[in-house]
Amino acid sequence: MLRSLWRSIDRFSLQHFEYVISELRKIKVVNVHNRESVMDLLQSVVEIVTYGDRQDPHIFECFMERQVLADFVRILKISQDSKIEAPLLQYLSIMIQNMDSEQAIYYCFSNGYINSIISHPYKYDGGDLAPYYVSFLRAVSGKINRDTLCLLVNVQGDAVVSFPLYTEALRFAQHEEKMIQTAIRSLVLSIYNVSDDLVYQFISTPPVSEYFTDLVRKLRDLCFRLDAFVYDKGKMDMQKRRNGIILEADKIVDELYYFKDILSVGEPRLTRLVMENLLNGLVFPVLCSLLASKNKNGSELSAITSLYIISRLIQVVGGRSMINNVAGVILYHFLNINVRILSEGNSSDVHDDVKFLSKCLNEVERVICYSPESNESESINGTYLGSHWEGFMSSFNINSSNGEICFQRNGIFAFVFCEDQSLLLASIFLLLILTESKDLDCLLSPMIGLYEMGDVMLQTNDASTSKSVDGCIFIRFMPEF
């Protein structure tokens, strides 16, 4: 028993550690014949260093002086057997996770050794290496802060030219395994929360910024998958269809909450980038197609799915720019058309209506593509909206003698006053969410006026109520039913 105890203590001695290092440095090539012994040496190094970080400062001083991390990099380079990669990454993950001292973390992140290990050309070929690699990245990200982050980026002049931890992690952002996707998102959020100006500039510059475009593209694909279940024409049984709708809807909500987490970081450039991609990649295309009443032809989402997606997006993601852009696009054509129609009138009260609507129209134009979350007075880059706006507006044309009614029942009101109960409820639900939002512009809220409309129905003789709904589009311009 005493002999066993003596060996256990001796195993964590400085002398034994130096012996292990010398044996490791004798390795000139790693192949199937010596792979197991190399793995044992690497494991011993990690165990002794972890012990030394907490119990014996002389061991960790030796670890730093002998540049032992360089040997891990060397082993990767001389290995002819890819099976050494997974255990090596696993051992390094354990060592980094168990490091307590600031000195140890600073050393590990210095000299570029961690970046070299991250950037090594691993051969994944469908094996189990990916989870070990991502676990290693997560271990590194778990130890970064505003002081240590600079050790993992390469800077030239005043710009970050590479950030392997971030860029290599993004390669697994769309991995088929949900656990890996979740780990990468957690890593990415960790980086966003400790980044400085230079790193944010790197993150928000192409091609690195294309990550956000890919996120929106994935979200859009999920919307079409949901739509396929919603409009399945009897090809699957009811229970399977129901389960499919629930599953795809849950996936969409998960994606939306991830966008919400990114926006919660509160960095203006990050917020702007996310909003631009969401608006141009999803919101504006869906709204323009929906409000122009295009028929579902395989390239567009159905109306019911579109209404659901926009409703969930402003519920989960929210934010002033999102809320006001959605409300602005929904209301714009209605105000624009009614200003033109009323301006043709001659009475003084019609003139007052034109003044009121012109004011509302100017307000909508102001809030569309404006980003109130930003500290600077900048506009969201409405690329999609700008290139499709003329076509969107031209879809609202007068073809009947009763053109005004045709206009007023177009856009969102085509669904509010339609016979399809599901579309009616979905459109009213969307308008209610907008009206209830504290982020909705103060002039846009009474224009929707759903609550005010209810007040009028209950208090038709109340002058103050009538005045408060003067700007409500339902009361002021909608035909009576």
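This note goes through the structure in numbered points, from the whole chain down to single residues.

1. Basis. The model is predicted; local features need pLDDT of at least 70, side-chain atom pairs count only at pLDDT 80 or more, and totals for chains, interfaces and linings use all residues. Residues are numbered from 1 along each chain as its sequence is written, and side-chain values use heavy atoms, with hydrogens and water left out.

2. Overall make-up. The protein has 26 helices and two strands. These elements are DSSP runs numbered from the N terminus: helices are H or I with at least four residues, strands are E with at least two. Of the 481 residues, 51% are buried. Buried means under 20% relative accessible area, exposed means over 50%, and partly exposed lies in between, with a 1.4 Å probe and protein chains only.

3. Surface and contacts. Among contacts between residues at least 6 apart in sequence, 73% join residues at least 24 apart. A contact here means heavy atoms within 4.5 Å.

4. The nonpolar core. Which residues of the largest nonpolar core touch the most other members? They are Phe163, Tyr166, Tyr192 and Phe212, in a core of 139 residues. Helix α15 (residues 268–291) gives the most to this core, with 13 residues. Such a core is a set of buried Ala, Val, Leu, Ile, Met, Phe, Trp, Tyr and Cys residues joined through side-chain atoms within 4.5 Å. In soluble globular proteins, nonpolar side chains tend to be buried together. Beyond its neighbours within four places in sequence, Phe163 is in contact with Leu149, Leu152, Val153, Ile191, Val199 and Phe202.

5. Aromatic pairs. The whole structure contains 13 aromatic pairs. Tyr133 and Phe172 form one that is tilted, at 5.6 Å centre to centre and 40 degrees between the planes. Tyr133 lies in helix α9 and Phe172 in the loop between α10 (164–170) and α11 (178–194), so this pair ties together parts that are 39 residues apart in sequence. Both Tyr133 and Phe172 are buried. The pair of Tyr166 and Tyr192 is also tilted, because the ring centres are 6.0 Å apart and the planes are at 55 degrees. Tyr166 is in helix α10 and Tyr192 in helix α11, so the pair ties together parts that are 26 residues apart in sequence. Rings of Phe, Tyr and Trp (its six-membered ring) pair if their centres lie within 6.5 Å; planes under 30 degrees apart count as stacked, over 60 as edge-to-face and the rest as tilted. Ring pairs also link Phe163, Tyr166, Tyr192, Tyr211 and Phe212 into a cluster.

6. Helix α6. This helix covers residues 85–97, with 13 residues, and reaches 18 Å from its first C-alpha to its last, close to the 18 Å expected at 1.5 Å a residue. The expected span is 1.5 Å times one less than the number of residues. Ten of the 13 residues of α6 are buried, so the helix is largely enclosed by the rest of the structure. Among them are Leu88, Leu89, Tyr91, Leu92 and Ile96. The cover over the buried residues of α6 includes α3 (35–55), α7 (102–109) and α9 (129–141).

7. Tyr107. This residue lies in helix α7. Tyr107 counts as buried because its relative accessibility is 8%. Tyr107 touches Phe60, Phe63, Met64, Gln67, Val68, Leu69 and Tyr113, not counting residues up to four places away in sequence.

8. Two buried asparagines. Asn277 sits in helix α15 and is buried, with a relative accessible area of 15%. A polar atom of the Asn277 side chain lies 2.8 Å from the backbone oxygen of Leu273. Asn31 is in the loop between α2 (14–25) and α3, and is buried at a relative accessible area of 18%. The Asn31 side chain reaches the backbone nitrogen of His33 at 2.9 Å. Leaving out residues up to four places away in sequence, Asn31 touches Gln80 and Asp81.

Conventions. Polar contact = N/O pair within 3.5 Å; in protein donor to acceptor, adjacent residues only side chain to side chain.
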